[in-house]
Amino acid sequence: MVTYKTEEERVKQIQDFFSDYKYSILITLFIFGVSLGSYFFLQNFFEQKTIEASTLYNSYLEGSSENLDKLRNDFPRSGYTHLALLKESTELLRENKKDEALQVLNNLKISTDGIFGNSIMNKLARINIARIHLSTKNYSQAVEILEKYSNDSDPFMHELKADALKGMGNIELAKEQYQAAISGYSDESLKRIVMLKLSNVEI
């Protein structure tokens with residue numbers, strides 16, 4: 001252990017340390033300052049962008065359809081844009097514009113895919129895409145869009161996939177998916193619906 005005889009020696013030791021490492025210390029402080037400044041700048045930037053997207057989304061809900069294009073162009077990965085696209089697809093389906101709704105939902109799926117995507121919105125997009133394919137008897141495309149959830153615990157995904165497999169004529173696989181859906185549902189009324197579907201397959 002190092003000992004010092006006088007206070008002057010302690011002060012000199014500190015001075016020598018700063019003299020030897022002053023550039024390293026200055027660089028460290030500079031990097032820390034830049035990092036801290038960047039953090040607050042980015043935080044403020046993203047907060048501002050969120051407010052802008054929220055304002056456009058609320059205007060869209062109030063009937064300002066041109067703001068949907070602004071959301072799509074300026075905030076393609078914003079949750080508000082995803083909600084707006086989901087709403088737009090629903091309105092198109094009400095008007096029986098399935099092709100247009102499918103295009104919107106595919107755009108939503110693409111923008112929410114990936115590690116940094118929105119898994120909930122991506123799932124909703126895929127579910128609605130599969131429903132459209134089922135309604136137009138494009139069963140293989142419905143199965144393909146749901147393939148991502150082959151090992152999903154959600155019973156509804158199993159039911160939806162079973163409907164598509166049944167349409168394709170893959171009866172045994174459809175049965176397996178219906179049975180998985182029955183096992184997964186806790187609601188008795190939903191179980192009965194799927195059991196009816198299963199019994200129709202087995203006839």
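User: How much accessible surface does the protein have, and what share of it belongs to carbon and sulfur atoms?

Analyst: The accessible surface comes to about 13,500 Å², and 56% of that belongs to carbon and sulfur atoms. Areas like this come from the Shrake-Rupley method with a 1.4 Å probe, and for residues only the protein chains shown count as cover. Before we go on: this is a predicted model, where local features need pLDDT of at least 70 and side-chain atom pairs count only at pLDDT 80 or more, while totals for chains, interfaces and linings use all residues. Residues are numbered from 1 along each chain as its sequence is written, and side-chain values use heavy atoms, with hydrogens and water left out.

User: What percentage of the residues of the protein count as buried?

Analyst: Of the 203 residues, 31% do. Buried means under 20% relative accessible area, exposed means over 50%, and partly exposed is what lies in between (1.4 Å probe, protein chains only).

User: Why is Ala-125 called buried?

Analyst: Its relative accessible area is 0%, so Ala-125 falls under the buried cut-off. You'll find Ala-125 in helix α5. Leaving aside residues up to four places away in sequence, Ala-125 touches Leu-105, Leu-108 and Lys-109, where contact means heavy atoms within 4.5 Å. The C-alpha atoms of Ala-125 and Leu-85 are separated by 9.5 Å, although the two residues are 40 apart along the chain.

User: What makes Arg-126 count as buried?

Analyst: Arg-126 has a relative accessible area of 10%, so the buried label applies. Arg-126 also sits in helix α5. Not counting residues up to four places away in sequence, Arg-126 touches Lys-109, Asp-113, Ile-145, Leu-146, Lys-148 and Tyr-149.

User: And how do you know whether Asn-67 is buried or exposed?

Analyst: Asn-67 comes out at 7% relative accessible area, so it is buried. Asn-67 lies in helix α2 (residues 66-74) and touches Leu-56, Ser-59 and Tyr-60, residues up to four places away in sequence not being counted.

User: Why is Asn-96 called exposed?

Analyst: Asn-96 has a relative accessible area of 56%, so it clears the exposed cut-off. Asn-96 is in the loop between α3 and α4, and has a positive phi of about 60 degrees although it is not a glycine.

User: What makes Lys-137 exposed?

Analyst: A relative accessible area of 61% puts Lys-137 over the exposed cut-off. Lys-137 belongs to the loop between α5 and α6 (139-146), and its phi is positive too, about 65 degrees, although it is not a glycine.

User: At what angle do helix α3 and helix α4 pack?

Analyst: Helix α3 (residues 79-94) and helix α4 (residues 98-112) pack at about 160 degrees, with their axes 8 Å apart. That makes α3 roughly antiparallel to α4, since angles under 35 degrees count as roughly parallel, over 145 as roughly antiparallel, 65 to 115 as roughly perpendicular and the rest as oblique. The contact residues divide into 8 nonpolar, 4 polar and 3 charged. Here Ala, Val, Leu, Ile, Met, Phe, Trp, Tyr, Cys and Pro count as nonpolar, Asp, Glu, Lys and Arg as charged, and the others, Gly among them, as polar.

User: How do the axes of helix α5 and helix α7 cross?

Analyst: The axes of helix α5 (residues 119-135) and helix α7 (residues 155-168) come within 10 Å and cross at roughly 25 degrees. That makes α5 roughly parallel to α7. Axes are lines fitted to C-alpha atoms, for helices over the stretch in contact, and angles run from 0 to 180 degrees between N-to-C directions.

User: Which residues in α5 and α7 meet?

Analyst: Lys-123, Ile-127, Ala-130, Arg-131 and Leu-134 in α5 meet Phe-156, Met-157, Leu-160, Asp-163 and Ala-164 in α7. These divide into 7 nonpolar, no polar and 3 charged.

Conventions: Helix = DSSP H or I, 4+ residues; strand = E, 2+ residues; numbered from the N terminus.
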